[in-house]
Amino acid sequence: MVAKQQGQAVPDAVLTRIGQGVMLHHAGDRVEARHRFLVLWAELGEHGDPLHRCTLAHYLADTQDDPGDELAWDLRALAAAEEVTDARPVGYEGAPALRALYPSLHLNLAADYARLARPDAARTHLSRARGAARTLAADPYGDKVRAAIRNMEVLLGEEGETGGWGPPRGRP
């Protein structure tokens, strides 16, 4: 979500704040990152922009100590992403970003369910991650997600069950 003002792009303040929280988390300050994310979540409210809520919940999940809490935030992220297809106009500018997140959202849910000893639910979301990953480009993000899917397949004992999915053909 980037606004245009006098011909120049203006960064999205919410996504900037999320990015600052992510940097805190990656620097090792998980508690402060979680605190800032929760403050921002309260500001957004349940009717805030789906891209903001999805992104925020996606990262908030990573700051949780309890696997059940992590699952709850990952489910909120997926629910926010699904709102775009359910209630937003076709031209909603956050839609492409949310579609690109689907493989990662499902992969995170697969990992959550695996940690909670719910292998059937984990396999369901792994399958959904595989399907969503078919649309990812052959770029560093797509490669990283596909590698994570392969790792989850090994963890769940599904090596070799990718059914031939992989990076799109004919791309660099």
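Trainee: Where is Ala-117 placed?
Mentor: Ala-117 is in the loop between helix H5 (95-115) and helix H6 (119-133). Helices here are DSSP runs of H or I with at least four residues, numbered from the N terminus. Keep in mind that this is a predicted model: local features need pLDDT of at least 70, side-chain atom pairs count only at pLDDT 80 or more, and totals for chains, interfaces and linings use all residues. Residues are numbered from 1 along each chain as its sequence is written, and side-chain values use heavy atoms, without hydrogens and water.

Trainee: Is Ala-117 buried or exposed?
Mentor: Ala-117 counts as exposed, because its relative accessibility is 63%. Exposed means over 50% relative accessible area, buried means under 20%, and partly exposed is in between (1.4 Å probe, protein chains only).

Trainee: And what is the phi of Ala-117?
Mentor: Near 55 degrees. That is a positive value in a residue other than glycine.

Trainee: New topic. How do H2 and H3 pack?
Mentor: Helix H2 (residues 30-44) and helix H3 (residues 50-62) pack at about 155 degrees, with axes 10 Å apart. Axes are lines fitted to C-alpha atoms over the stretch in contact, and angles run from 0 to 180 degrees between N-to-C directions. H2 and H3 are therefore roughly antiparallel, a label for angles over 145 degrees.

Trainee: Which residues meet there?
Mentor: From H2, the list includes Phe-37, Leu-38 and Trp-41; from H3, it includes Leu-56, Ala-57 and Leu-60. The residues of this contact divide into nine nonpolar, one polar and four charged. Ala, Val, Leu, Ile, Met, Phe, Trp, Tyr, Cys and Pro count as nonpolar, Asp, Glu, Lys and Arg as charged, and the others, Gly among them, as polar.

Trainee: Tell me about Ala-57. Buried or exposed?
Mentor: Ala-57 is buried, with a relative accessible area of 0%. Ala-57 is found in H3.

Trainee: What is Ala-57 in contact with?
Mentor: Leaving aside neighbours within four places in sequence, Ala-57 is in contact with Trp-41, Trp-73, Arg-76 and Ala-77. Contact means heavy atoms within 4.5 Å. Ala-57 and Ala-77 are 20 residues apart in sequence, but 4.9 Å apart in space, C-alpha to C-alpha.

Trainee: Last one. Where is Arg-146 found?
Mentor: In helix H7 (residues 140-155). Arg-146 counts as buried, because its relative accessibility is 2%.

Trainee: What does its side chain reach?
Mentor: The side chain of Arg-146 reaches the backbone oxygen of Leu-136 at 3.5 Å. A polar atom of that side chain also lies 2.9 Å from the backbone oxygen of Ala-137.

Definitions and conventions
Helix = DSSP H or I, 4+ residues; strand = E, 2+ residues; numbered from the N terminus. Parallel < 35°, antiparallel > 145°, perpendicular 65-115°, else oblique. Polar contact = N/O pair within 3.5 Å; in protein donor to acceptor, adjacent residues only side chain to side chain.
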